[in-house]
Amino acid sequence: MATITQDMRVRLSLIKYADKYGVSNAAAKYKTNRQYIYRWKRRYDGSIQSLRDLSRRPHHHPNQHTPEEIKLISDMRRRNPHAGLTDFQVLYLSLYISMTFLNCISFRESSNFISISSLFIYQGFSLSGIKKPV
């Protein structure tokens, strides 16, 4: 990315000011703390591109479903389009346990996949119709 953002320009001016007048004076002028300035000074290598924000995306996801599990969930959802979340979890876990010889997964992992993916859609379900317990 060749674009230079306003944040990058501010960080560059912050580093130059800190080099000239000191980190404490720069922190007072830019209304930030010294740790922030030291972090950007350490990252700065002479190019303005080094002052870009780094990605926050995780490098790996250890609890990610395997492609076989995703295919199993997709097939079950396709075969049982009107099943509810609880029915679907029980079906999924019973099939998964029987397929992997009692090497089961938790309810949390299956519900995370179900809620995150667009495979499970509540049809005609609204939260406004649910009454709170008294």
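**Confidence first.** Colour the predicted model by pLDDT, the predictor's confidence in each residue, from 0 to 100. In the protein chain, helix 2 (residues 23-29) has the highest confidence, at 96, and helix 6 (residues 107-116) the lowest, at a mean of 49. Over the protein chain, pLDDT averages 77, and 69% of the residues score at least 70.

Now select residues 101-108. Their pLDDT stays under 50, and the model gives them 12 contacts beyond four places in sequence. Contact means heavy atoms within 4.5 Å. Move on to residues 116-128. Here too the pLDDT is below 50, with 15 contacts in the model beyond near neighbours in sequence.

**Ground rules.** Residues are numbered from 1 along each chain as its sequence is written, and side-chain values use heavy atoms, with hydrogens and water left out. As this is a predicted model, local features need pLDDT of at least 70 and side-chain atom pairs count only at pLDDT 80 or more, while totals for chains, interfaces and linings use all residues.

**The whole chain.** Switch to cartoon. The protein chain has six helices and zero strands. Along the sequence, the pattern reads α-α-α-α-α-α. Helices (H or I, at least four residues) and strands (E, at least two) are DSSP runs, numbered from the N terminus.

Show the surface. The protein chain has about 10,600 Å² of accessible surface, and 56% of that belongs to carbon and sulfur atoms. Such areas come from the Shrake-Rupley method with a 1.4 Å probe; for residues, only the protein chains shown count as cover. Of the 134 residues in the protein chain, 25% are buried. Buried means under 20% relative accessible area, exposed over 50%, partly exposed in between (1.4 Å probe, protein chains only).

**Helix 1 against helix 3.** Select residues 6-21 and 34-43. The axes of these two helices come within 10 Å and cross at roughly 100°. Helix 1 is therefore roughly perpendicular to helix 3, a label for angles of 65 to 115 degrees. Axes are lines fitted to C-alpha atoms, for helices over the stretch in contact, and angles run from 0 to 180 degrees between N-to-C directions.

Show side chains. Helix 1 brings Arg11, Leu14, Ile15, Ala18 and Asp19 to the contact; helix 3 brings Tyr36, Ile37, Trp40 and Lys41. By class, that is six nonpolar, no polar and three charged residues. Nonpolar covers Ala, Val, Leu, Ile, Met, Phe, Trp, Tyr, Cys and Pro; charged covers Asp, Glu, Lys and Arg; the others, Gly among them, are polar.

**Last stop: aspartate 19.** Buried or exposed? Aspartate 19 is exposed, with a relative accessible area of 53%. Aspartate 19 lies in helix 1. Now pick the C-alpha atoms of aspartate 19 and lysine 41: they are separated by 9.1 Å, with the residues 22 apart along the chain.

Technical notes: Angles under 35 degrees count as roughly parallel, over 145 as roughly antiparallel, 65 to 115 as roughly perpendicular and the rest as oblique.
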